[in-house]
Amino acid sequence: LQSAALVELLDPDLRAWSEGPRFPSATVGPIGHSATLLPDGRVLFLGGEKTSWGGGMAGKCGAVMFNPTTGEFSEMEPLAICRFGHTATLLPSGSVLVAGGWDDHLVSEVELYSPQQGHSVIVGALPEGLDVNDAVLLPTVSNTPRNSPAMVRAYFVHFLEKHPRGRIDSRTIQLGCNLAIDMGTYTFSLM
């Protein structure tokens, strides 16, 4: 059984789908990979699951970049650690923080992948037994922790008193069964 490696592209102006290039599933697993939208519009695909029906589950180390301008995939240097079901969070520096996931075991190593230089470096490890399957970068203008519902509410009440106007800088939309989460980073100006 082989999974289809078809890529479809959406033209938001025409609201129409068209067939794209074949997904390089020999490099990046057809399921369980991450896809990270970079600021320049390219998409970085990392890892994924090898499809070994009846055998153990194993991750891939592959990395490929999709360029929407050319409509082509290009292979990049692989991850340091093979994994699937991991997170890949774009950082302000343009690097991608890769954490968690599985190979034939729970992956604890955290790596920083540089799309600009096309390589990965291990930068740490998750606490033993922690399964990370989601992450969102949440910048803040305050270094004061708010660790009670009353403190969080007071912060936002004070913030809203300043009549903020904002724009979306980046966003991530995650779809699940009967669930959609829209999160991201914003720039606010205060009146």
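The legends below describe close-up views of a predicted model.

**View 1**
Strands of a sheet pair through backbone hydrogen bonds, in either a parallel or an antiparallel manner.

**View 1. The pairing of strand 8 with strand 9.**
Strand 8 covers residues 96–99 and runs antiparallel to strand 9. Three bridges join the two strands. Within this pairing, Val-96 has Tyr-113 of strand 9 as its bridge partner.

**View 2. The pairing of strand 9 with strand 10 and the hairpin between them.**
Strand 9 (residues 109–114) and strand 10 run antiparallel and are joined by six bridges. Glu-111 stands opposite Ile-122 in strand 10. Leu-112 has Val-121 of strand 10 as its bridge partner. In a regular strand, side chains alternate between the two faces of the sheet. Four residues lie between the strands of the hairpin, in which Gly-118 takes a positive phi near 70°.

**View 3. The disulfide of Cys-61 and Cys-82.**
The disulfide count for the structure is one. Cys-61 is joined to Cys-82 with an S to S distance of 1.6 Å. The torsion about the S-S bond is -80°, and the link is left-handed. The pair connects distant parts of the chain, 21 residues apart. Cys-61 lies in the loop between strand 4 (43–46) and strand 5 (63–67), whereas Cys-82 lies in the loop between strand 6 (72–75) and strand 7. Cys-82 has a relative accessible area of 22% and is therefore partly exposed.

**View 4. The aromatic pair of Phe-23 and Phe-45.**
Seven aromatic pairs are found in a search of the whole structure. For Phe-23 and Phe-45, the ring centres are 5.2 Å apart and the planes stand at 75°, so the pair is edge-to-face. This pair also links distant parts of the chain, 22 residues apart. Phe-23 belongs to the loop between strand 2 (16–19) and strand 3 (34–37), and Phe-45 belongs to strand 4. Phe-23 counts as buried because its relative accessibility is 11%, under the 20% limit. Phe-45 is likewise buried, at 12% relative accessibility.

**View 5. The aromatic pair of Phe-66 and Phe-73, and the cluster that includes both residues.**
The ring centres of Phe-66 and Phe-73 are 5.0 Å apart. Their planes stand at 50°, so the pair is tilted. Phe-66 is buried, with a relative accessible area of 8%. Phe-73 has a relative accessible area of 19% and is also buried, since the limit for that class is under 20%. Ring pairs link Phe-66 and Phe-73 with Phe-23 and Phe-45 into a cluster.

Technical notes
Residues numbered from 1 in each chain as written. Predicted model: local features only at pLDDT ≥ 70, side-chain atom pairs only at ≥ 80, totals over all residues. Heavy atoms only, no water. Pairing = 2+ DSSP bridges. Disulfide = S-S within 2.5 Å. Buried < 20%, exposed > 50% of the residue type's maximum accessible area, 1.4 Å probe, protein only. Phe/Tyr/Trp six-rings, centres within 6.5 Å; stacked < 30°, edge-to-face > 60°.
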